[in-house]
Amino acid sequence: MVKSVSRRRIVTTGAAAMAGAALPLAPGTAAEAAPRRPADDPGRIFDVTRFGAKGDGVTIDSDAVNRALAEATKAPAHSGGPGGTVYFPAGTYACYSIRLKSNVALYLAQGATLLAAAPAGGKGYDPAEPGAGDPYQDFAHSHWHNSLIWGEGLTGITIFGPGVIDGKGLVGGPGEKDPGQGNKAIALKLCRNVTIRDITLLNGGSLAILPTGVDNLRVDNLVIDTYSDGINLDCCRNVRISGTTINTPNADAIVLKSSYALGEARPTENVTIDNCMVSGYDLGTLYDGTFKTAASYGRTGRIKFGTESNGGFKNIAISNVIFEHCRGLALQTVDGGPLEDVTISNLTMRHVQMPIFLRLGSRMRGPAGAPVGRLRRVSISDVIVYNADPRYPSTISGIPGHPIEDVRISNVRHSVAGGLTPGDVGQNPAENEGGYPETTMFGPLPAYGFFIRHAKGITFDNVEVRFEEHDTRPAYALRDVADADFHHNRADKVQGTPTFVLNDVDDFTVTTSRPVPDTRLDHIGHKEL
């Protein structure tokens, strides 16, 4: 007796489906194992061209895309769960706001470009929604609907595929509040279980990707080349950013923030960033592979915590990151939130400005009455820095009465271009307690290696500070520092120039280091070693 075998098939829509192409589904969808469904089942793939999208780069296709999204979220549940995948075949889809839905993926195929259109004829992007507003953070961080792609209060979102998101029609800064304008490529508020992977994102507006209050977020294998910020994580929990390359010559590449945009002080916590590259090449030259830059120093393109820091940052791990032609690593809290329990390792930096910057300040942009925050329990190890801007050495700077605490820096090779003298820099940098935190906020500094002020519990282990040209500033300048331990360190030295200049320092130790002999000081008002 021969048993009959029923074929299992996937019912799809669109030209690619009719041609028999295998269309990828969102991660975790068991397409091949799907049970047989009735012939009138619309399937799990929703080709935007079947909903009226032209993909000609001229016709505004956002209405068609939003129709596809509305249908995809209704797709019935089976072994892979509810929802479906909205599919963009090859073409250029000029759009205004695309409104995401729960349990739906956007897939951009090879050759597909989602193009942010310029507003015209009274039509444009969704208006900025009312909410907490922007008394304590910038306009772009306070609104989400005025974006190319946005979602609020959703779960189970995926944006993926080898295609391109081009935010050419988005604006940033002046004009972003005008009716019909969009200022972000992807904006998500209070969402959960989100994946963004494999896409290329160009010209992202004020903020290329803004997740605010998003939990369980994975960003993987992106290429971003944009004129303003790349990825801003604001008040997010359980985030992984991996395998991503971001070029932002005029702004920050990866930024962790914890603003008051949700109407409360909520921390950003449990974040890993690994195997990434950040840079400040000329705009577009990462994407086209020419990697050009006309600037020696000063391009931004860095990894930063802050500036908005009402809720603080907790439990962060960063590893295996390359920095080139940009600023370095900035850990900042200035609005009352804590910054604590951070481990950073395996970084390489070339042609950067201020390789390591730890700043505790009191800008206090938030509701009145909040105390000054704390910056503590930070470990930075296995870092190579080459040809850094000599004007701005690595800096650890708290404010009077509020020291940075418990910082360990180890296995670091820190080399600056050098060539400066004490007369080239200010010897008494202003405190600037309430200022916007930035590498240039104190002006050129009176050390070529590390400038450390208002700190306690500082350990340097196996750290080398070098210069390419003779520099007659000290390697280290310490002011109002307690419990400082330097072990097995090396520093370049010009004859007659001290390695350490100490002012108001308690419990200072140097051991097995060169060129300074072993030294133990309980308290010193001023001393040069």
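**Figure 1. The cavities of the predicted model.** The structure holds two cavities of 30 Å³ or more. A cavity is defined on a 1 Å grid over the protein atoms alone, as a set of points where a 1.4 Å probe fits but cannot get out. Grid points are joined across faces, edges and corners, and a volume is the space filled by probe spheres set on the points. Rolling a probe the size of a water molecule over the atoms shows where empty space is left. This is a predicted model, in which local features need pLDDT of at least 70 and side-chain atom pairs count only at pLDDT 80 or more, whereas totals for chains, interfaces and linings use all residues. Residues are numbered from 1 along each chain as its sequence is written, and side-chain values use heavy atoms, with hydrogens and water left out.

**Figure 2. Lining of the largest cavity.** The largest cavity contains about 40 Å³ of space. Lining residues, which have an atom within 4 Å of a point, are Y476, F486, N489, R490, A491, T499, F500, V510, S513, R514, P515 and V516. Two or more residues of this lining come from each of the elements β29 (476–487), β30 (490–491) and β31 (500–511). Strands are DSSP runs (E, at least two residues), numbered from the N terminus.

**Figure 3. The nonpolar cores.** A nonpolar core is a set of buried Ala, Val, Leu, Ile, Met, Phe, Trp, Tyr and Cys residues joined through side-chain atoms within 4.5 Å. Buried means under 20% relative accessible area, exposed over 50%, and partly exposed in between (1.4 Å probe, protein chains only). The largest such core has 117 residues, and I186 and L478 have the most contacts inside it. Strand β24 (residues 339–360) gives the largest share of this core, nine residues. A second, separate core of ten residues includes M354, F357, M441 and L445.

**Figure 4. Surroundings of L478.** Contact means heavy atoms within 4.5 Å. When residues up to four places away in sequence are not counted, L478 touches I452, A484, F486, F500, V501, L502, N503, V505 and F508. Of these, F486 and F500 also line the largest cavity.

Figure 5. D335 forms a salt bridge with R363, the closest N and O atoms being 2.8 Å apart. Because D335 lies in the loop between β23 and β24 and R363 in the loop between β24 and β25 (375–388), the pair ties together parts that are 28 residues apart in sequence. D335 is buried at 3% relative accessibility, and R363 is buried at 18%. R377 forms a salt bridge with E340, with 3.7 Å between the closest N and O atoms. R377 lies in strand β25 and E340 in strand β24, so this pair ties together parts that are 37 residues apart in sequence. R377 is partly exposed at 36%, whereas E340 is buried at 9%.

**Figure 6. Further salt bridges.** The side chains of D471 and R473 meet in a salt bridge with an N to O distance of 2.9 Å. Both D471 and R473 are buried. Elsewhere, salt bridges link D252, R302, K304, R327 and E438 in a network.

**Figure 7. Surroundings of K314.** K314 is found in strand β23 (residues 313–333) and is partly exposed, with a relative accessible area of 30%. Apart from residues up to four places away in sequence, K314 touches T268, E269, N270, P338, E340 and D341. K314 and L347 are 33 residues apart along the chain, and their C-alpha atoms are separated by 20 Å.

**Figure 8. Surroundings of P422.** P422 lies in the loop between β27 (404–418) and β28 (450–469). Its relative accessible area is 34%, so P422 counts as partly exposed. Leaving aside neighbours within four places in sequence, P422 is in contact with Q427, T472 and R473.

**Figure 9. Cysteines without a disulfide.** A disulfide is a covalent bond between the sulfur atoms of two cysteines. The cut-off used here is a pair of cysteine sulfur atoms within 2.5 Å, and the structure holds zero disulfides. For C235, the nearest cysteine sulfur is that of C236, 7.2 Å away. C235 is buried at 0% relative accessibility. The sulfur of C276 is 13 Å from the closest cysteine sulfur, in C326, which is too far for a bond. C276 is also buried, with a relative accessible area of 5%.

Methods
Helix = DSSP H or I, 4+ residues; strand = E, 2+ residues; numbered from the N terminus. Salt bridge = Lys/Arg side-chain N within 4 Å of Asp/Glu carboxyl O. 1 Å grid on protein atoms, 1.4 Å probe; cavity = no way out; pocket = protein on both sides within 12 Å on 5 of 7 lines; lining within 4 Å.
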